[in-house]
Amino acid sequence: MKQNNMLETVMKYIFMLAAFTSILALLAICYFIFARGIPFMADYGFGQFLFGDKWQPSQEIFGLAPMLVGSLYVTLIAFVLGVPTGVFTAMFMAFYCPPKLHKVLKPAMNLMSGIPSIVFGYFGLQVLVPGLRNFARSIGIASNGMSIMTAGIVLAIMILPTIITMSESSLRAVPKTYYNASVGLGADHDRTSYVIMMPAARSGIFSSIILGIGRAVGETMAVIMVAGNQAIFPQGLFRGARTMTANIILEMAYATGSHQNALIATGAVLFVIILIINGIFAYVKRTGVNG
């Protein structure tokens, strides 16, 4: 008994130490980003930095608006394409997929979640870029294929494993009695799946969407390979753009002085945007569940 109590006490403090380490790591990241980002934006001008339309480091011009808009477009496309696809795929795997096919799809999803982002970027570069280039030219749009649309499609593919895996787990966690009660009252399989089971699992589904969108906003390497990376306002879905993450990774290696501080400030803005997105989804999740 004493050994068990001692083991529980030791594990309690180990878990507590792990929790405090995570918190300290987060605080250290916040300090590093905001300690240099906020003073730069204050000196340069918050409005001028956030809403300026030109990014020319050689002339000490740091307008972040083109990258903000580019990130918004790319993330929105990933959301529109990836979220419905992921949720409905999870519905299929939870309620419609034959067991033999599920044994193939489930490991495939797990494998897909472990693929490095640069591999997704290479896939987009070799497959999606030529395809979208030919499509755009066929409808009279001059494009080299490296565009907002290409980056959005790549990100939509990348967030699928997260959304599918978590949503399916949430759907399967709904008590079977819900399904049996609905069918017993006369509802068919389709109505029970979409009207009873899916709303009951919405908390987990919203969580999967939050994580998926978080990955889409913060993704870098795959976007760099297919987005075109022009630091200008997007001129259309089939034209190039640059996201905030791409802006940081492309210029940080040689940035110094105010240029480096501007890139750190870009990271601070990105951090705040992700917090806002997570907060919005958390609010919708909480009010939806309570409602």
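Two rings of Phe, Tyr or Trp (for Trp, the six-membered ring) count as a pair if their centres lie within 6.5 Å, and such a pair is called stacked when the planes are under 30 degrees apart, edge-to-face when they are over 60 degrees apart, and tilted otherwise. By this rule the structure holds nine aromatic pairs. The model is a predicted one, in which local features need pLDDT of at least 70 and side-chain atom pairs count only at pLDDT 80 or more, while totals for chains, interfaces and linings use all residues. Residues are numbered from 1 along each chain as its sequence is written, and side-chain values use heavy atoms, with hydrogens and water left out.

**First stop: aromatic rings**

Select phenylalanine 40 and phenylalanine 62, whose rings form an edge-to-face pair with 5.8 Å from centre to centre and 75 degrees between the planes. Phenylalanine 40 lies in helix H1 (residues 2-44) and phenylalanine 62 in strand E2 (residues 61-62), so this pair ties together parts that are 22 residues apart in sequence. Helices (H or I, at least four residues) and strands (E, at least two) are DSSP runs, numbered from the N terminus. Both phenylalanine 40 and phenylalanine 62 are buried, where buried means under 20% relative accessible area, exposed means over 50%, and partly exposed is in between (1.4 Å probe, protein chains only).

Phenylalanine 135 belongs to helix H5 (residues 117-138), whereas phenylalanine 238 is in the loop between helix H10 (221-226) and helix H11 (244-251), so the pair ties together parts that are 103 residues apart in sequence. Is phenylalanine 135 buried or partly exposed? Phenylalanine 135 counts as partly exposed, at 41% relative accessibility, while phenylalanine 238 is buried, with a relative accessible area of 13%.

**Second stop: charges over rings**

A charge sits over a ring if NZ of Lys or CZ of Arg is within 6 Å of the ring centre and within 35 degrees of the ring normal. Select lysine 176, which lies over the face of tyrosine 179 at 4.7 Å from the ring centre, and then lysine 12, whose charged end sits over the ring of tyrosine 13, 6.0 Å from its centre.

**Third stop: the nonpolar core**

A nonpolar core is a set of buried Ala, Val, Leu, Ile, Met, Phe, Trp, Tyr and Cys residues joined through side-chain atoms within 4.5 Å. The largest one has 62 residues, and Phe40, Phe49, Trp55 and Leu171 are the ones that touch the most other members. Among the elements that give two or more residues to this core are H1, H3, H5 and helix H6 (148-173). Which element gives the most to this core? The answer is H6, with 12 residues.

From its first C-alpha to its last, H6 reaches 37 Å, close to the 38 Å expected at 1.5 Å a residue, the expected span being 1.5 Å times one less than the number of residues. Look for a kink of about 35 degrees at isoleucine 159 in H6, shortly before proline 161; the bend at a residue is the angle between axes fitted to the seven residues ending there and the seven starting there.

Helix H3 (residues 65-95) has 31 residues and reaches 44 Å between its first and last C-alpha, close to the expected 45 Å. H3 bends by about 25 degrees at glycine 82, and proline 84 follows within four residues.

In helix H8 (residues 189-200), select the buried residues Thr192, Ser193 and Met197. They cover an arc of only 95 degrees around the axis, which puts them on the same side of H8, the arc being that of the directions from the helix axis to the C-beta atoms.

**Last stop: single residues**

Glutamate 60 has a phi near 60 degrees, a positive value in a residue other than glycine, and it is found in the loop between strand E1 (55-56) and E2. Asparagine 229, in the loop between H10 and H11, also has a positive phi, of about 65 degrees, although it is not a glycine. Glutamate 60 counts as partly exposed, at 43% relative accessibility, whereas asparagine 229 is buried, with a relative accessible area of 16%.
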